[in-house]
Every structure is written in structure tokens, then in C-alpha cells.
Amino acid sequence: MRMRKKVPVLAGWLLLTLAARADVVLLLEEPFGAFGGMTPTGHAAVYLSRVCAATPVFLRRCESGEPGVVISRYHRVAGFDWIAIPPIPYLYAVEHASEVPEWVGEQQVARLRDAYRRAHLEDIVPDDPEGVTPHGDWIQLVGASYDRTIYTYGMPTTPAQDDALIRDFNSGPNSPRFNLLFRNCADFSRQVIDSFYPHAVHRSLIGDLGIMTPKQAAKCLLRYGRKHPAVDLTSFVIPQIPGDIPRSSPVRGVLESFVRSKRYALPLAPLAVLHPAVGAGMAYAWVGGAGFHPREIATAHGGRPLKPGSVMEALRPELDGTKIQ
């Protein structure tokens with residue numbers, strides 16, 4: 001019961017934290033559902049605290065008091081490559097923190113998402129031909145915190161950097177580019193973050209077979225923050241809203257997904273023995289994955305949102321190459 005009472009307070013605290021400075025923030029989102037069970041790499045999005053959305057596909061500078069925007073690459077959503085949504089709707093499918101429910105069921109979440117779609121997204125996600133709520137991946141645009149826990153990793157930006165990003169996004173094409181292997185949501189996040197901090201995020205050729213993953217992006221930012229302490233990397237947890245919706249599962253890398261799942265590990269075992277490169281990659285994935293578990297770090301802090309910067313102290317053993325106990 002105590003947890004339910006804290007949810008609206010958390011939403012307001014989140015906005016105050018995000019508004020405290022101008023940031024670019026990676027959102028590392030846990031996988032959920034059947035697809036998340038098959039490919040547990042999760043989802044990546046980027047929050048920009050000084051950038052807002054004139055429309056979901058056209059950016060502008062925020063005015064005083066506006067909370068910024070969450071932007072990500074999507075597959076099969078309205079025929080666009082990227083779509084931008086304000087943070088409270090993105091997380092909770094409502095417009096104000098005071099409206100965040102204390103507990104949710106699947107039907108309530110569906111109603112909240114559809115109400116927000118009808119009020120703000122109908123131009124890009126209209127009713128289906130029969131005049132009812134459409135099916136499809138558009139539900140990823142709003143209410144993310146009903147489906148999964150999210151971990152955030154942010155670094156400061158300058159007004160000039162934000163303006164440059166706005167110009168680039170508004171002047172460039174916004175047509176579908178999604179490719180699961182080489183142009184996925186984590187690739188998009190990497191490109192956005194690298195526009196502020198060049199080479200801060202990169203692929204893992206061994207652990208992820210060269211496929212960009214959300215977890216790899218977070219690990220890169222943590223290492224970057226250690227090497228550049230003046231950057232002032234901050235982090236906190238956005239918990240999944242309590243309810244009867246199934247809980248999200250831990251986020252994994254590519255090879256880590258194989259070695260930690262009986263479904264894949266047993267069939268791959270002979271190949272790992274016969275092919276040294278595969279065996280070495282799987283061993284690397286096991287060790288690398290064991291050193292960085294966002295969920296375990298959050299649990300170590302009592303399941304509460306982490307204060308800015310505290311995750312860096314929790315992860316320092318991992319950053320020094322030592323497994324967190």
C-alpha cells in the first residue's frame with residue numbers, strides 16, 4: 001500500500017530532477033511480453049530536457065517550465081523513423097504527474113493510452129477503418145512505465161548542442177529506417193548521444209556480435225563517466241507501476257541472452273566447444289553481463305529511485321573490472 005501512495009510523488013520528483021539541469025539521458029528499458037522473452041535486449045530511448053516537440057515529428061526549444069521530450073526510433077509506427085513524446089505521457093500516458101494512477105490493470109492502461117492518442121496523436125495514429133482504436137506498435141509511444149522498469153543515465157548539454165540537434169532532426173528525413181541488426185533503437189540512441197559526446201557510445205563486437213544493444217549503451221556511458229568525471233553523469237530508476245500487468249524482466253546483451261537462457265545455451269554448447277571464437281564470445285558475454293546488472297544495483301538501494309550520481313558509486317567495482325557482489 002505504501003508503494004502505491006508514492007507513485008504520483010515519484011512522477012513529480014522525476015520532473016523536478018530532470019528539470020534541474022539540461023541533459024541528454026539514455027533510457028534503458030527492460031524487456032516485457034512474449035517478444036521480450038525471445039529477445040531480452042529491451043528498448044532504448046533518449047530524453048532531452050531542453051528540447052520539446054512542436055508536433056511528435058517536429059522539434060523546438062522548450063519554453064520556461066516545459067519538461068522536455070523523449071525521442072526514439074520505432075518499427076512500423078505511423079511511417080516515421082523517430083517520434084517525440086513529452087516525458088510524463090511517454091512514461092504514464094497522462095498529461096500531468098498528479099494523474100498518474102497508483103495501481104493499474106491492462107484495461108485501464110489501454111483506456112489511458114487510447115485517450116492520449118485521441119487527444120494528441122490522432123494525426124499520426126488515426127482510428128482504424130471501422131472507427132475504433134487501432135492495433136499496432138503505437139502503444140510504445142505512451143505508458144512505458146506500465147510495462148517495464150526503466151534505468152536512466154544522463155549527461156549535461158549546452159544550448160548550442162541542443163539547437164544543433166533540433167536543426168538536424170527538423171531538416172533531415174524522417175522515414176522508416178529501422179533494422180533490427182544495424183539500425184535499431186539502440187543505434188538511434190547511440191547516434192543522438194554521440195552528437196553531444198563523440199564516441200561515448202559504441203558497439204561491442206564480441207559480447208553483442210557487433211549489434212548495438214541498450215545495455216551496451218548504458219555500459220558505455222558508465223565507463224565514459226568514470227573516464228571523464230567532470231561530465232557529471234547522473235542516474236536513477238523509474239519503477240514499473242504496480243498492477244496486475246506482468247513484470248518486466250532483466251535486460252541482456254546479445255550473447256548474454258544466449259548463455260543465460262536454457263532455451264539457447266544448450267543447443268549452442270557444442271558449437272562453443274568446437275569453435276573457439278564462439279566459446280570465447282560466450283565466456284566474455286557471461287563475465288561482462290555478470291558485472292553490470294541494473295536491476296541488482298537498484299535492489300541494493302532498497303528499490304527506491306537512485307539519487308543522481310549514486311549509481312556511479314554502486315558500479316565503481318564493475319568499472320574497475322571487479323564483479324559486483
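Which residue is the bridge partner of Tyr151 in β8? Val237 is.

## Model basis

This is a predicted model; local features need pLDDT of at least 70, side-chain atom pairs count only at pLDDT 80 or more, and totals for chains, interfaces and linings use all residues. Residues are numbered from 1 along each chain as its sequence is written, and side-chain values use heavy atoms, leaving out hydrogens and water.

## The sheet

Six strands form an open antiparallel sheet, ordered β6-β5-β2-β1-β7-β8. Strands are DSSP runs of E, at least two residues; helices are runs of H or I, at least four; both are numbered from the N terminus. Two strands pair if DSSP finds at least two bridges between them. β6 and β8 (234-238) stand at the edges with a single partner strand each, so one side of each lacks a neighbour in the sheet. Neighbouring strands are turned by 25 degrees against each other on average, direction ignored. Axes here are lines fitted to C-alpha atoms, for helices over the stretch in contact (heavy atoms within 4.5 Å). Angles run from 0 to 180 degrees between N-to-C directions.

Five bridges join β7 (residues 150-156) to β8. Helix α8 (residues 214-227) lies across β1 (23-29), β2 and β7, at about 140 degrees to β1.

## Strand β5

β5 (residues 69-73) has five of its five residues buried, meaning under 20% relative accessible area (1.4 Å probe, protein chains only). Val69, Ile71 and Arg73 cover one side; Val70 and Ser72 are on the other. β5 pairs with β2 (residues 43-48) over three bridges, and Leu48 stands opposite Val69. Four bridges link β5 to β6 (residues 82-85), where Ile85 partners Val70.

Technical notes. Buried means under 20% relative accessible area, exposed over 50%, partly exposed in between (1.4 Å probe, protein chains only).
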